Amino acid sequence: MDDAFRPTLTWMANEIAAGRAPRAANVPPCSADTWRIITGILEDYGGTLVPLPEAAWETSVSQWYGERWKVLVDLHTAAEGRSDLVMDVDIIESEAGFEYTLHLVYVP
């Protein structure tokens, strides 16, 4: 995975762990329905997300799809360490740099 993606992906994961939908100039807000689904999945999962550790990059994956990167970041919980949950993000390159779109947090 491109190291250039890591700071923003880490920030996004940490925002989710803090109970906030990530939103920034290069991270468009997800819809209210998507955020409701994400929070429902996290509630059903039952673990407490923690800030993303450096170890997450050892198991997270990315794949180039011709016009975008598909990234699955392994999320961590207080009880488990690395959990079964992933953060699903698309990354495209624009004139302004990289743009990150959060699709979902789920157990694949």
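1. Let's start with E15: leaving aside residues up to four places away in sequence, E15 touches R20 and P22. Keep in mind that this is a predicted model. E15 lies in helix 1, and its relative accessible area is 13%, so E15 counts as buried, the cut-off being under 20%.

2. The buried residues of helix 1 are T8, L9, T10, M12, A13, E15 and I16. Their packing partners are helix 2 (32-45), strand 2 (69-77), strand 3 (81-94) and strand 4 (97-106). As background, an α-helix has 3.6 residues a turn, so residues three or four places apart point the same way.

3. A quick check on the helix itself: helix 1 covers residues 6-17, and at 1.5 Å a residue its 12 residues should span 16 Å. The end C-alpha atoms are 16 Å apart, which agrees. After helix 1 comes G19, with a positive phi near 85°.

4. Now the rings. Searching the whole structure turns up 4 aromatic pairs. One of them is F5 with W69, edge-to-face, at 5.9 Å centre to centre and with 65° between the planes. F5 sits in the segment before helix 1 and W69 in strand 2, so this pair ties together parts that are 64 residues apart in sequence.

5. Ring pairs link F5 and W69 into a cluster with W64, F98 and Y100.

Notes:
Residues numbered from 1 in each chain as written. Predicted model: local features only at pLDDT ≥ 70, side-chain atom pairs only at ≥ 80, totals over all residues. Heavy atoms only, no water. Helix = DSSP H or I, 4+ residues; strand = E, 2+ residues; numbered from the N terminus. Expected span 1.5 Å × (residues − 1). Buried < 20%, exposed > 50% of the residue type's maximum accessible area, 1.4 Å probe, protein only. Contact = heavy atoms within 4.5 Å. Phe/Tyr/Trp six-rings, centres within 6.5 Å; stacked < 30°, edge-to-face > 60°.
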